[in-house]
Amino acid sequence: MSKQENTADVIADLERRIDTMQNMGDAELGTFSRVDWIVLVIISIVIPVIVVVLAR
Amino acid sequence: MSGQQPARGEEISTKLLSVYGREPLLPDDREYKTWSANGTCFAYAIATWCFLTGGYAASLVGAVQGMVCLIAGNLIGVFLVSASLSAGCQRYGIEQIDFCKPSFGQNGARVVLIFYLLNMIGWSGLILVMFGNGIVNIVEALGYHAPSWLVGAGVALGIWLTYIITTRGVHLLSLFNSIITPALIVIIVFMFYMLISSHGWAEILAAEPLDPLPSPWMNYAVCLELGVASGMSWWGGIGFLARNTKTRRNAIYPEVLQLGLIFGIVCSIALFSGLVVGSDDPTKWMVPLGGVFMGVLALLFVALANITSTSVSLFASGLALRHVPALRKTGWRMIIALTAVPLAFFVVWPNELYDLGDAFLAYNGTMHAPVGGILLVDYFFLRKQQLHLRSIFEAAPSGQYYYLGGFNILALACVVIGQLTYFWVYNPFTDEAQPIFQFLPASIAAFILPAAIYWVGMRYLRIGGPLKAGAEEPVVADKLVEPNI
């Protein structure tokens, strides 16, 4: 396979991947709801800030 | 049968190309499920950098304040930088420098790439020096004399082992982690057990900081800053990990829990060890705490975990180097070899460069905070989690993320503003600080201010360029005009 053909294949593969990922629904990559964000914010921001203030 | 082989070979070839290159990773290409994502993050988290961070904290504060600063600071820092990176890199299967292109521009992202490579190589070098120090301590614990060149030789050995693992791919890395991770859990639990059984809580809580600053509030504030900045310094590995996960929850929860919480807890155990043993050198803790046999065993496994961590760093650096046009078609082994070349300086001057570790930590805080703030605002508040994937791979000016000459000047200016803000709030080289530093870590200030300026500039002043499809937007072709891959 020539270098030119190889480059064309790479770009064709890239185009295919772009189309697949762009058109894929969020649900196909796992659910992630507002509850997840709330849990993460509580774990990562709210509780740590409270503890830091109390320990000051 | 033979007729199927080329198709299979082609399939493997394109899959490898995407894994070792920058193409979007499709869900079927991704390696990490729940266990392996947590395992990789865990192994990444408990390498010697947490011992380094814990040792540094032991210089400033006691056990309780240190534990609070390290755990809380890490959680805050990791979450702030990982929220957008995890969500975006996992959703589109892209690595983090590509994720920077919507906000920084096609060429502006390369400025971030320079920071990124310096970060990855710096951390890798420091860890490899600690790997070398670990070998020295093992040799000495066994009653032999360790020559001065052994640290450098250990770094060279570490580079070679890292090269072997990294060039064999993510699968081997994942397999390696599945063996090392349980062993490290045992070692850390054992370390903690020895701390409690031999010294007890009372002694740990009563231990004085090793080398505190004159002002008590300053010690607490600097230690909190250390926690937040080290949490943010995970920026370098997050995109790589998230891109390889199959589900969104696996992209962010392991990062927050392992890189934030577990890292903070292990840092705290390191802090206790430093306070009790009276040394901030992590490789000197294991033998006094565990005795010769267990100490050497612990050092051995921690050293192996360091190799795993360095492998992840080098893997991510290799992917990032694909952004350099001259290296886009270079073989993976050559890419990794090139990434490892700067580490040779750590072979020649291991201790001299290791002593610059404090300055390196400060540099991390000034870089990751503003970049993290800009990416968060850009992805969640400006683009509403919708990226135009084709434009990320489009080098022609017709792409949506080309901006002015490939640079979003506003984003780059905000990074500079963030760095200046950091040094205004707290100068880590002189330990001078503004009164606001009592209430606000410098990294958080350097995160919020650039993010706010960027949001106002992009949303209302439209300094950087158009955000959504519209009449004034560049025409985006259905096919790539000038692929940047």
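First, the ground rules. This is a predicted model, where local features need pLDDT of at least 70 and side-chain atom pairs count only at pLDDT 80 or more, while totals for chains, interfaces and linings use all residues. Residues are numbered from 1 along each chain as its sequence is written, and chains are lettered from A and ligands numbered from 1 in the order in which they are written.

Start with chain B. It has 19 helices and two strands. Those are DSSP runs, numbered from the N terminus: helices are H or I with at least four residues, strands are E with at least two. The C-alpha atoms fill a box of roughly 70 × 65 × 40 Å along the principal axes. The radius of gyration of chain B is 23 Å, which agrees with the value near 23 Å for a compact globule of 485 residues. That radius is taken over C-alpha atoms, and the globule rule is 2.2 Å times the number of residues to the power 0.38.

Now the two chains together. How many residues of chain A are in contact with chain B? The count is 23 residues of chain A, against 34 residues of chain B. Contact means C-beta atoms, placed from the backbone, within 7 Å. On the chain A side, helix H1 (3-23) and H2 each supply at least two residues. H1(A) gives the largest share, ten residues.

H2 of chain A (residues 34-55) packs on H4 of chain B (residues 63-92) at about 150°, with axes 9 Å apart. So H2(A) is roughly antiparallel to H4(B). Axes are lines fitted to C-alpha atoms, for helices over the stretch in contact, and angles run from 0 to 180 degrees between N-to-C directions. Under 35 degrees is roughly parallel, over 145 roughly antiparallel, 65 to 115 roughly perpendicular, and the rest oblique. Residues making this contact include A:Leu40, A:Ile43 and A:Val51 of H2(A), and B:Val68, B:Leu75 and B:Phe79 of H4(B).

Last, a pair inside chain B. The axes of H5 (residues 96-104) and H6 (residues 108-141) come within 8 Å and cross at roughly 135°. H5(B) and H6(B) are therefore oblique to each other. Among the contact residues are B:Ile97, B:Cys100 and B:Lys101 of H5(B), with B:Val112, B:Leu113 and B:Tyr116 of H6(B).

Key:
Contact = placed C-beta atoms within 7 Å.
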